[in-house]
Amino acid sequence: MELQTPFKLMKDNLLLTKSGDIWAYYKIKPESIATNDLDKKELNKRMMAFIYGTLSKYSELHLEMLPKDMNLTERFTQLGKDFADEALPIAKYYANETVKQLGYELGTITNEEFILGVKLKSFQYADSIKTAISSGYDQFLQKTFSALGYEATINETYFKQFANELDELNSTMITVKGTPLKENELAYLIRYNFIRNIQHDVLKESKEHNFYKLTDTILDPSEKGFLKLENDQGTSYVAFIPIGALPDNISFSHLFETAQSMKFSVELQIKAEYQEVDGLNGLNSKLSRLRRRFKSTTQEAHQTGDRDSQQNLTNQILLDELQNDIEAGKSILKWLACFVISGNTKEEVKARSDRLINRLSLRDIEAYRPNADQLPLFYRLLQGNSLEGNKNWLQVTSNEGFAENLFAVSNRLGNNVGWYIGRVDDLAESQSLEQSIYASRKIVLFNPTIANKGIKGAKTDSPHIAVTGETGKGKSFLVKLLFIYMSFMKTKLLYIDPKKEIRNWFNKVIGKRELGEKVGMLNVIEILKSSDDPEIKGAGNLLYEMITDSVLQLGFSDGSNDGVNLADRINVLEVSGLELPKEGDNPDNYSDLEKKSVALMIPLGKFCEKFGSNDSNSYTAEIFDEAWIFNVAKSGKKILKSMKRVGHSQNNMLLYATQSVADISDQNDHGQFGVLFAFDEPSEREAILNHVQLPVNEENLHWLSNMIKGQCLFRDIYGRVGKIAVHSLFDEMTSSFKTINKTASSKSEEMYR
């Protein structure tokens, strides 16, 4: 292969090469599959194997997974449009600090983008002999003119002859959620090869369509095993790491999944060529020659009294399997898979390359960083270059084996724009939350206020959020983190706090202030107590005795604290001390405390319902921490049900935190929670998997049992499910949320583990 760029002309998502080939490029929306959902992965492979079989009518494929800059600064700028006016300074501070801290740890924050290129040769689509001759003549002229130093002129109308064929290809791409690239996107795809890891303006680079400018970079292969890229914008180092050999059993090779699991950005590109079966150079002829060679080797071993080598026996078995695939009508592909690592220095790229190669070796996949092949691999992988003539680093599999690479599958979770709440956790098992967090570069952004806004692609319009799990697993930490971030937004908040924790950590931060003389319902009772009328005085004394030192103090005060107000943007209601009777208990047998608790629930429920429905133009949210206490009594359940009914129509959201998934899984609640966070609860693991819609099997049950404090299953508004590690970037928040303080004994216990 000549080391030259193949580009001739672009039109929409089509690329014409200097050799007269047409390539069509598509952006593929990845299917989200949880790391441990093996059943869904197998379904995806079967579907992709069918697609690869369907595409066999075309000659070549180009599969690309590229790291796309998420541009967090711009995303938080968009989020900032919904910051509350009174919270603007502090919201901006935490937004900026989030971008800064994540950038410091992870560098450029990226997301995977999947591209599929399909090669079409012009002579394949001639409608008549005359057109075929004309097409061949055009190619002859192209080659002749190029040899003489001239460029044959081809305008954009050249692409019109492929309209019908492209309609058919577009229909196939729809089945894998593929959309044709726009011309600017295709231009940037080409330019990206020459500016990997060099600071650049994506929008500016996308607008440039001149091939000379798109390729304007010095390629320096003088450093063995590396390629240096240099232009006016900067310098970077790149290493191409091709697959040398796959294991004999390629099931679960999952190359694209491995690339995504690394802590640094990794590209993966695969060029694949469909193989002809018949003919002199067809697969059947090649297999016959190989079979004779292996048979000869076996005979020589027997003649000398030696045993046939295990490798020769394995080769014969694999040869038979390939022959069976051909006879079964499966498509056979020859393909080159190459990982691409980039960095600021040669040392950085080498360290990352070594880590990737070691990770692949754990799956019995051989990969190398070849000293002499860096520049040829760079050119081979350019868009529009063919795999024809390549003899190095090749694999041969059926379309089913090719599907094992798991192209266009991701386990990303959360919203495209939102507050950072943690990382997608790829580890099957970890010793600490910190290990899970710092082993992943897949950040999780979450905005609780958008679920009912008709988001395109969302699987639910329910605004409600359920947080479930055993006490001590991190449920309350997540709820408080969400509460803080929601307080920065244009949202009216009501927090039902059963443990007085909100008061405690706010008091630590802001202290108590004297607000002047105030009066409340207790002052009314004091007036009743001092009445000259004996009956009124007696009623006042009775009410005072019932309220003093009882749970009813939650509803009566002397005015020293502000009461709840429908007009206030943030309200916190403390409801500690409630003792509610069970739903089936006879009211005649209620204790005094149970009667008072039930009495309090009625105004509490009415206020919550009124809070959520008072102003449908304002987004409102109620947060029920430890909501299980409301489920033990019929009156408590009525409160929660009334809140869920307010929901979508009134622009209201309920965040419901409880210990058991059974609290939100009855028939009446089915589908009413759009977003789910499920922490482990040993006695409910099967119910938890059903709750988040994952298969109940031994692998998933074991996966769930290995979750530690701070890890949970998360189902987002798009219906995607996976494990995340909840994480706060800010020490002041983390320390405020603590519910347990370590003692000297607990610290020493951890020292010697």
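Reply: Rings of Phe, Tyr and Trp (its six-membered ring) count as a pair if their centres lie within 6.5 Å; planes under 30 degrees apart are stacked, over 60 edge-to-face, and the rest tilted. This is a predicted model: local features need pLDDT of at least 70, side-chain atom pairs count only at pLDDT 80 or more, and totals for chains, interfaces and linings use all residues. Residues are numbered from 1 along each chain as its sequence is written, and side-chain values use heavy atoms, with hydrogens and water left out.

Me: How many aromatic pairs does a search of the whole structure find?
Reply: A pair of aromatic rings is described by the distance of the centres and the angle of the planes. With the search run over the whole structure, the number of aromatic pairs is 25.

Me: Which kind of aromatic pair do Phe256 and Phe407 form?
Reply: Phe256 is in helix 9 (residues 255-260), and Phe407 is in the loop between helix 14 (399-403) and strand 15 (409-410), 151 residues apart. Helices (H or I, at least four residues) and strands (E, at least two) are DSSP runs, numbered from the N terminus. Both residues are buried, meaning under 20% relative accessible area, where exposed is over 50% and partly exposed lies in between (1.4 Å probe, protein chains only). With 5.2 Å centre to centre and 65° between the planes, the pair is edge-to-face.

Me: Why is the pair of Phe446 and Phe677 said to tie together parts of the chain, and how many residues apart are they?
Reply: The ring centres are 5.5 Å apart and the planes are at 80°, so this pair is edge-to-face. Phe446 and Phe677 are buried. Phe446 belongs to strand 17 (residues 443-446) and Phe677 to strand 23 (residues 673-678), so the pair ties together parts whose separation in sequence is 231 residues.
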